[in-house]
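Look at the structure shown here and keep the sequence beside it. The paragraphs that follow lead through some of its aromatic rings and then its sheet.

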Amino acid sequence: MASVSSSKDGYRRILFVGLDGERRSIHLGKVTKKSADGVKCRVEHILECRALHRSLDPETASWLEGLDTATYRKLANVHLVPPRKEVEQPKLREFVDCYIESRSDAKEPTRRHFRQVSGELQKHFGESREMNSISSEDAEDFRKTLRKRLGENTVRKMCQRSKQFFESAMKKGLIPSNPFGEMKSLNLVANRERLYFVTEEMATKVLDACPNAEWRLIFALSRYGGLRCPSEHLQLRWQDVNWEASMIRVRSPKTEHHDGKDSRFVPIFKELRPYLEDAFELAPDGAEFVIPSYRGAGKNLGTQLKRIVERAGLQPWPKIFHNLRASRQTELCKIHPTHVVCEWIGNSQLIAAKHYLQVTEDDVRKAVGADQLPTQNPTRPTAEMGGKSRKSIPARNDKTPEFPGFSVKGIDLLAELAPPVGLEPTTRRLTVACSTN
């Protein structure tokens, strides 16, 4: 028989007499009385089966198999069970390097990100840290450390990759659990502060500053074709250009793992055609790729485009290639149905609304009926268009009607930009409807 001994400070242990007549104990630490009683019953069953040379019942055998290494070792130390065959615990760098090497299906940008995240993990935990020693609290501490110097979406993406590494180790049976498995809020969030609408006037200046026809086409494919750069630009072949149908078949490495999303068809828009024709005329006979240069590793088109933008006398905007696509999609959605434009751009309506579509200065002008507003950055209508006061806008009436119970205090800047009321007075209902919340 076995018994449970409890100390005043809540520590419990199992006391029993072994088959050799020696008194032994198993220290459980601070556990509940119910948990300790459960272990006591298991110990008694194991002693009985060993004394009668019987096999353990399936429930107890399963319980032993599910024990963590430390608890199982305590049972083995008092000769209740044979020692487990110790499995060498994987080291962080060793396992992650092997994982990256095994992912031959991943594209080079993804593998490059794997290596970047691996470096951050090793920097935080140490390259020789055993993976099973990393707890969920350690994972949260890793996330907090990254947040001190990196953007929120970058941190979330790195934690997603880390979760991926540990999930693989857990599936292989190398660690009992994934410390990143229960981490919340890992989906990327839309940062609309970094959206920027590149106007046609700005695009013309950049095109004039491009050093050659190839660079003009790179820019035009993004701004007027809506292609992803560099992945879709560098995949584009002359055989994909159907001049008669005015369509381009765009191969999409980013979405090819989805059924039917390996490519899409994009019209040769009138704004794009001149630059495509120029490149075609200059291409040598038998040329395969539309963009023949910049195909090697280490070519950073974004850095080069920033230099071109500066040469054009403009300030480089955030997410320099993404915002070219976003500007084009925003333009096209004013002319064509959203589902049609999404088919051309290669994203969903949900993603378009979250990460691409913008409110432009033209939208604000039409809404307030002020064609003479000064031109500003069209993606900042409420915060950066306040150059002129209300007095500079001609009033239609000498006096705005006043109504009991209604105050004009707190009206936002868009309302300030609107011309004074005419025949129909301002109402509280209109103020609520125009809220920017």
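Is F166 buried or exposed? F166 has a relative accessible area of 0%, so it is buried. Buried means under 20% relative accessible area, exposed means over 50%, and partly exposed lies in between, with a 1.4 Å probe and protein chains only.

This is a predicted model, in which local features need pLDDT of at least 70 and side-chain atom pairs count only at pLDDT 80 or more, while totals for chains, interfaces and linings use all residues. Residues are numbered from 1 along each chain as its sequence is written, and side-chain values use heavy atoms, with hydrogens and water left out.

Across the whole structure, a search finds eleven aromatic pairs. Rings of Phe, Tyr and Trp (its six-membered ring) pair if their centres lie within 6.5 Å; planes under 30 degrees apart count as stacked, over 60 as edge-to-face and the rest as tilted. One of the pairs joins F142 and F180, edge-to-face, with 6.1 Å centre to centre and 85° between the planes. F142 is in helix α6 (residues 136-147) and F180 is in the loop between α7 (152-171) and α8 (200-209), so this pair ties together parts 38 residues apart in sequence. Helices here are DSSP runs of H or I with at least four residues, strands are runs of E with at least two, and both are numbered from the N terminus. F142 counts as buried at 1% relative accessibility, and F180 is buried at 0%.

F180 also pairs with F166; this pair is tilted, at 5.5 Å centre to centre and 40° between the planes. Because F166 lies in helix α7 and F180 in the loop between α7 and α8, the pair ties together parts 14 residues apart in sequence. F125, F142, F166 and F180 form one aromatic cluster.

Now turn to the sheet. Strands of a sheet pair through backbone hydrogen bonds, either parallel or antiparallel. In this model three strands form an open sheet in the order β1-β2-β3, with antiparallel pairing; two strands pair if DSSP finds at least two bridges between them. β1 (2-6) and β3 (23-30) stand at the edges with a single partner strand each, so one side of each has no neighbour in the sheet. β1 pairs with β2 (residues 11-17) over five bridges, and V4 stands opposite I14 in β2. Helix α1 (residues 33-52) packs on the sheet and touches β1, β2 and β3, where contact means heavy atoms within 4.5 Å.

Conventions: Axes fitted to C-alpha atoms, helices over the stretch in contact; angles between N-to-C directions.
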